[in-house]
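Please consider the sequence and the structure shown below. The paragraphs that follow lead through the fold, the packing of its helices and the surroundings of the ligand.

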Amino acid sequence: MISRQQLIDQIKQKRSFLCVGLDTDIEKIPSFLKAYPDPIFEFNKRIIDATQDLCVAYKPNSAFYEAYGVKGLQSLIATWEYLPKDCLSIIDAKRGDIGNTSDKYAKAFFDEASSGMGFDAITVTPYMGNDSVTPYLAYDNKWIIILALTSSVGSKDFQYLTTENGFLYETVIQKANTWAGADRIMYVVGATKSTEFTNIRKFAPDNFLLVPGVGAQGGSLEDVCKYGMNKDCGLLVNASRSIIYASNGEDFADAARAEALKMQQQMEVELEKAGVI
Ligand SMILES: O=c1ccn([C@@H]2O[C@H](COP(=O)(O)O)[C@@H](O)[C@H]2O)c(=O)[nH]1
């Protein structure tokens, strides 16, 4: 478990708020890895070895593992076991269901004794409301990361609908703030929506924001920091494809490190600019 203060300490120590996304696709990994008994895990292991001093979090996206059934789940469990314990482990599962079902999702991803996985944090969709989210909060010291304003083009379909409290995504944040504080809840905000960060900070001044959408989706790290960084940093910026598929040759781990280093160096500049370090 990584507390809010430990996360802030890690950010200051590593001078980075990078989250490496482990969206590991068997079709995209270098072919020589296919000779290993668990190619997906082998790929992840080498990416983790190459990047762990440069990032503070890892985020496997469960879809990439569930797609391969039992084998995929084994790769996910092996990856979770291998993740460095000083880094926040996030399972990007985007779950949301009625309470007793959410209980089982929480058990699946949080309860190591039951499933073999004890992630620190899970992404959840708020659409089904309070009873779909609170089962995750029953696990002490675990984080929930609620989808607020996503990086997707389709975010406009629902998230910008107007409610009596403003846009739907603003209402989501205001409501979720009543469920738990900034020590348990983070929000997903897409880097492609960087100008909205100022507004989001009105509703979530202290919460960490998990920010996908830089790299392959084209969001700007500089703009995210300009509008979204708070006094503790308050950001975890995720990059998946731009790091893990920086090369598809035998040098893939070195290429991943080079990309992660580039991001870490930009992050260091932003942390200094904002007076966080
Ligand atoms: O709004 C969202 C929420 C989640 N994601 C996820 O983040 C990564 C992004 O991957 P890249 O390769 O860096 O684009 C991926 O797992 C998405 O499912 C998101 O992109 N946007």
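This is a predicted model: local features need pLDDT of at least 70, side-chain atom pairs count only at pLDDT 80 or more; totals for chains, interfaces and linings use all residues.

Is the crossing of α2 and α4 left-handed or right-handed? The crossing of these two helices is right-handed.

The axes of α2 and helix α4, the latter spanning residues 69-82, come within 9 Å and cross at roughly 20°. Angles under 35 degrees count as roughly parallel, and α2 and α4 are therefore roughly parallel to each other. On the α2 side, the contact is made by Ile40, Phe41, Asn44, Lys45 and Ile48. Ser75, Ala78, Thr79 and Tyr82 contribute from α4. By class, the residues of this contact of α2 with α4 comprise 5 nonpolar, 3 polar and 1 charged.

Helix α2, which covers residues 39-51, also packs against helix α13, residues 252-273. Here the angle is about 40° and the axes lie 9 Å apart. That angle makes α2 oblique to α13. The crossing of α2 and α13 is right-handed. From α2, the residues in contact are Arg46, Ile47, Asp49, Ala50 and Thr51, and they meet Ala253, Asp254, Ala256, Arg257 and Ala260 of α13. The contact of α2 with α13 divides into 5 nonpolar, 1 polar and 4 charged residues.

Another helix pair is formed by α5 (residues 99-110) and α7 (residues 130-137), which pack at about 30° with their axes 8 Å apart. The crossing of α5 and α7 is right-handed. In α5, the residues that take part are Gly99, Ser102, Asp103 and Ala106; in α7, their counterparts are Asp131, Ser132, Pro135 and Tyr136. This contact of α5 with α7 holds 3 nonpolar, 3 polar and 2 charged residues.

A barrel is closed by 8 strands, in the order β1-β2-β3-β4-β5-β8-β9-β10, and the pairing is parallel. On average, and with direction ignored, neighbouring strands of this sheet are turned by 30° against each other.

The ligand remains to be considered. Which residues come nearest to the ligand? Of the 19 residues around the ligand, these are Thr150, Ser151, Pro212, Ser240 and Arg241. The elements that supply two or more residues to the shell are β10 (235-239) and α12 (241-244). Strand β10 is also one of the strands that close the barrel. By class, the shell around the ligand consists of 4 nonpolar, 12 polar and 3 charged residues.

Definitions and conventions. Residues are numbered from 1 along each chain as its sequence is written. Axes are lines fitted to C-alpha atoms, for helices over the stretch in contact, and angles run from 0 to 180 degrees between N-to-C directions. Helices (H or I, at least four residues) and strands (E, at least two) are DSSP runs, numbered from the N terminus. Angles under 35 degrees count as roughly parallel, over 145 as roughly antiparallel, 65 to 115 as roughly perpendicular and the rest as oblique. A crossing is left-handed if the near helix is turned anticlockwise from the far one by less than a right angle, and right-handed if clockwise. Two residues are in contact if their C-beta atoms, placed from the backbone, lie within 7 Å. Ala, Val, Leu, Ile, Met, Phe, Trp, Tyr, Cys and Pro count as nonpolar, Asp, Glu, Lys and Arg as charged, and the others, Gly among them, as polar. A residue is near a molecule or strand if its C-beta atom, placed from the backbone, lies within 6 Å of it. Two strands pair if DSSP finds at least two bridges between them.
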